[in-house]
Amino acid sequence: MTLTRTAVLLLIASLGFGQLTPEQKVADFMQLAGLYAKRYGPYEWKREAVNFDLYDVGPWLERVRNSKSDLEFYDVCIDYVAALKDTHDTFSLTSSFSVFLGFTVDIFDGRLLIDSISRSQLPARDYPFQVGDELVSMNGRPAMQLMEEEFLRYSTSRANPSAQRRRAAQYLTARSQSLIPRAHEVGETAEVVIRNAAGEERSYTIRWDKAGLALTNAGPVPSPKDGRGAVGENSLMPLPQGEPAYMRPLLEMSYAGVPERPGDGVLGVGSLTPVFDAPAGFQIRLGVRPTDDFLTGTYRVGGRTIGFIRIPRMSPNNSVGQALSQLETEIAFFQQNTDGLVIDVMRNPGGLIPYGHELARRFIPAPFEGVGFELRASAGYVASFAFNLENAKRFGAPEHIVRTWEALLHDVYETFKQNRGRTGALPLGHDSVFFEPATDAAGRNIAYTKPLIVLIDEFSCSTADLFAAVMQDAGRGPLVGTRTAGCGGTNTNFTATTYSEGNAGMTLGLMVRPKAIATAEFPTTRYIENVGVRPDIELDYMTRDNLMQRGRPFLDAVTQVILDRIAAAQ
């Protein structure tokens with residue numbers, strides 16, 4: 001006799017696993033709160049900008065004590081971390097369970113429109129709806145209302161309200177229990193109503209595709225627990241092999257990126273292919289081989305040759321050196337053969353901070369100021385920096401690495417003497433926040449000098465936020481698109497709770513851009529966190545016309561902007 005996957009899940013769920021005790025829940029929540037109290041970098045900024053004080057745990061403890069189940073307790077932890085409105089900060093469960101309804105939706109022109117369909121799961125003969133049709137309702141509830149009331153709280157894109165809503169829209173049809181504790185309670189099917197382009201509505205019964213094992217509780221576990229030990233740290237970034245030991249902490253600190261999780265994706269994030277189709281006559285150069293870190297090419301319009309480069313993420317597939325070598329070859333070609341350049345960092349989830357600055361050095365032909373980072377001083381940083389400075393000296397590290405460790409140690413040690421002190425704006429991955437343009441072996445400036453523009457959107461995250469800020473503050477060329485994600489800090493993951501085995505992402509260091517900006521929503525500040533980087537020219541991709549025409553209206557407008565820049569430079 002064999003069991004179906006659903007039967008196995010039901011069997012596991014019925015085994016009668018117990019719940020955590022109230023004391024264990026309180027202990028776990030205080031462990032989570034203590035982790036943020038000790039390590040979270042933007043505490044003061046969040047208190048000022050979003051009116052949330054993570055130290056005020058009284059109301060949260062009341063919710064913890066009143067929680068009726070482990071899943072309800074997980075929701076309390078999720079809500080506590082979500083209150084920070086920080087895209088890097090997410091409380092997640094240790095669960096492999098996910099569900100998918102066979103299509104995805106996003107918000108175009110304020111409506112929930114289908115932007116992809118799995119025809120292997122939903123064959124057109126049975127489900128004749130199309131990309132561009134509108135999801136009206138699910139199980140009798142208006143879909144937009146369902147998104148806002150049930151799933152907005154779980155959205156991991158919290159720093160930017162538009163991105164938060166768009167990420168929450170994904171959860172209507174694709175959910176992971178690691179982020180949504182009750183994702184397994186969907187039933188076997190969903191009743192959906194879909195409206196086509198002609199305004200006709202039709203109902204469909206669609207079976208959920210389920211994968212993994214559902215987590216129904218975390219207990220029982222003995223108290224006190226012996227085995228997990230203290231809170232541990234896990235880097236989000238894959239570190240290069242063979243790096244000297246004294247470089248590891250520097251590399252771990254120099255990461256700002258948003259990981260993509262199952263059931264948490266917007267189409268095209270981190271993709272080498274742009275979200276829009278290539279223009280007519282596009283001559284591709286890079287982007288067809290697995291070793292290509294960029295998609296590049298040229299196209300002709302209005303008697304001008306336009307260069308195009310897509311930077312899909314700030315952690316290259318190859319080594320940083322190989323990626324920069326590719327880029328330098330392309331820039332040399334563009335310098336000789338184009339009139340202007342379009343740089344695309346839309347839907348770029350970030351990555352290595354030094355890489356972001358190195359990219360900027362190849363597009364800014366004059367000295368410029370980069371982004372520094374305020375760190376929350378701790379005894380751990382003091383000890384680590386002192387140890388790695390000694391190792392760097394002992395093993396003959398390059399002089400700039402020694403200077404970097406000396407500067408970091410001095411600043412963090414002086415700050416550590418203060419209560420919850422933050423350092424000044426420190427360089428991470430370089431020995432200064434001031435940069436010269438890139439040069440070749442003969443010392444010649446190799447940065448691109450002709451007109452350029454940079455494409456950004458609400459999923460230009462972390463180090464992509466940094467890159468946009470540096471380019472804007474250097475006055476290199478206009479940013480075109482929509483406000484960036486506002487993921488303005490370095491980040492990592494922690495094992496956050498012992499009994500419930502939860503995980504937490506956390507912002508450690510705050511990005512400080514060269515120039516202060518004033519916005520309607522926040523105090524005048526040099527921080528990028530929450531504020532994001534604002535475009536010089538507003539241009540929204542998220543319209544139905546762009547969805548149905550594969551971005552043609554958007555690209556036409558972008559092309560006109562770069563043509564205007566070229567004409568103004570003549």
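Mentor: Buried means under 20% relative accessible area, exposed means over 50%, and partly exposed lies in between, with a 1.4 Å probe and protein chains only. This is a predicted model, in which local features need pLDDT of at least 70 and side-chain atom pairs count only at pLDDT 80 or more, while totals for chains, interfaces and linings use all residues. Residues are numbered from 1 along each chain as its sequence is written, and side-chain values use heavy atoms, leaving out hydrogens and water.

Trainee: How many aromatic pairs does the count come to?

Mentor: Rings of Phe, Tyr and Trp (its six-membered ring) pair if their centres lie within 6.5 Å, and planes under 30 degrees apart count as stacked, over 60 as edge-to-face and the rest as tilted. By this rule, the count of aromatic pairs comes to 23.

Trainee: What is the pair of Phe-29 and Tyr-80, stacked or edge-to-face?

Mentor: The ring centres of Phe-29 and Tyr-80 are 5.0 Å apart. Their planes stand at 70 degrees, so the pair is edge-to-face.

Trainee: How many residues apart are Phe-29 and Tyr-80?

Mentor: Helices (H or I, at least four residues) are DSSP runs, numbered from the N terminus. Phe-29 belongs to helix 2 (residues 22-39) and Tyr-80 to helix 5 (residues 70-82), so that the pair links distant parts of the chain, with a separation in residues of 51.

Trainee: Is Phe-29 buried or exposed?

Mentor: The relative accessible area of Phe-29 is 0%. Because of that value, Phe-29 is buried.

Note on methods. Helix = DSSP H or I, 4+ residues; strand = E, 2+ residues; numbered from the N terminus.
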